[in-house]
Amino acid sequence: MKMGLLSAILADYSFEDMIAFAADQGFSCVEVACWPPGRAKRRYAGVSHIDVSHMTEEYADHILDTCRRHQVAISSLAYYPNMMDHDPSVRRQNIDHLKKVIEASARLGIHMVTTFTGKDQEKTVEENMKLFREIWPPIIRFAEEQKVRIAIENCPMLFDAGQWPGGQNLAATPSIWRQMFEAIDSPYLGINYDPSHCIWQMLDYIGIIYEFRDKIFHVHLKDIKLYPDRLKEVGTLAYPLEYMSPKLPGLGDIDWGKFISALLDIGYDGYACIEIEDRAFEGSPERILDSIRQSAHYLRQFLC
């Protein structure tokens with residue numbers, strides 16, 4: 001396994017400085033955020049360390065030279081919007097940019113894109129599955145032509161009133177994945193597996209690894225802490241952030257020894273990238289850097 005970092009937490013860094021920092025920390029790779037340039041409303045979104053809209057030959061060579069010089073690989077190009085947004089114009093815009101990300105991933109020789117399926121939060125799960133069958137087959141055919149694997153992260157994108165009631169990412173559970181992979185039987189469609197999202201959904205985050213061993217293309221390393229006292233007050237139908245919070249690896253409820261052991265059991269030797277979303281470490285730029293260092297230090301007891 002190759003440990004790295006999702007670059008979105010270093011939003012104010014240039015691509016070059018971000019890669020240099022990753023090298024200084026001993027990371028083998030980075031998952032590079034590739035949003036359209038400009039800030040997005042959602043936290044951790046809108047970061048563009050690679051501008052795929054202007055992927056000239058000179059720009060591509062510069063990216064690859066920078067990575068070679070620092071001996072840091074790019075695990076994936078990352079873009080996490082809502083591809084099934086209720087607004088058709090937003091949906092179209094997001095899919096158009098995703099295709100640019102896919103093309104850039106092929107051109108750079110990465111051949112991996114990490115993203116969300118998206119979800120129309122005003123529709124039922126059944127209606128969203130029908131929408132998935134309409135929207136996603138052409139996207140995957142495009143990815144197949146480019147020989148780029150699409151790894152869907154399992155975050156429900158349901159945290160507070162902004163995503164209530166349905167959330168903004170359909171692909172959040174094993175039940176949904178089975179339907180997805182039945183609808184699109186392609187070796188280019190898989191999972192970017194983040195165990196933290198299983199904790200508050202009460203899913204078996206270890207068993208998933210064994211069942212979907214052939215579909216885990218990429219891994220996120222993030223923790224979740226549940227607050228049982230709050231859960232007793234608000235119940236599971238409350239906004240999730242009322243009873244849980246994202247944490248650094250080792251500061252939440254995931255058993256990382258069991259998690260890494262299960263990945264080793266299935267022979268996973270791909271990329272595993274730390275994702276930082278712990279608000280306790282957002283007080284200053286130095287605290288953010290501390291959060292990255294602390295996460296890497298903790299995980300190195302399991303990963304070389």
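## A buried aromatic residue

F259 is buried, with a relative accessible area of 0%; buried stands for under 20% relative accessible area, exposed for over 50% and partly exposed for the range in between (1.4 Å probe, protein chains only). The model is predicted, so local features need pLDDT of at least 70 and side-chain atom pairs count only at pLDDT 80 or more, while totals for chains, interfaces and linings use all residues. Residues are numbered from 1 along each chain as its sequence is written, and side-chain values use heavy atoms, with hydrogens and water left out.

## Overall dimensions

The protein has 10 helices and 10 strands, taken as DSSP runs numbered from the N terminus (helices: H or I, at least four residues; strands: E, at least two). Its radius of gyration is 18 Å, close to the 19 Å that the globule rule gives for 304 residues, so the protein is as compact as a globular protein of that length. The radius is taken over C-alpha atoms, and the rule is 2.2 Å times the number of residues to the power 0.38. The C-alpha trace spans about 55 × 40 × 40 Å along its principal axes.

## Burial, contacts and surface

Of the 304 residues, 56% are buried. Among contacts (heavy atoms within 4.5 Å) with a separation of 6 or more, 77% are between residues 24 or more positions apart.

The accessible surface comes to about 13200 Å², and carbon and sulfur atoms hold 49% of it. Areas come from the Shrake-Rupley method with a 1.4 Å probe; for residues, only the protein chains shown count as cover.

## Aromatic pairs

The whole structure contains 11 aromatic pairs. Rings of Phe, Tyr and Trp (its six-membered ring) pair if their centres lie within 6.5 Å; planes under 30 degrees apart count as stacked, over 60 as edge-to-face and the rest as tilted. W177 and F212 form an edge-to-face pair, 5.0 Å centre to centre with 90° between the planes. This pair links distant parts of the chain, 35 residues apart: W177 is in helix α5 (residues 174–183), and F212 is in the loop between α7 (207–211) and β7 (216–221). W177 is buried at a relative accessible area of 1%, and F212 is buried at 5%.

W256 and F259 form another edge-to-face pair, with 5.4 Å centre to centre and 85° between the planes. Both lie in helix α9 (residues 256–265), three residues apart, about one turn of the helix. W256 is buried, with a relative accessible area of 1%. Ring pairs join W177, F181, Y193, F212, W256 and F259 into a cluster.
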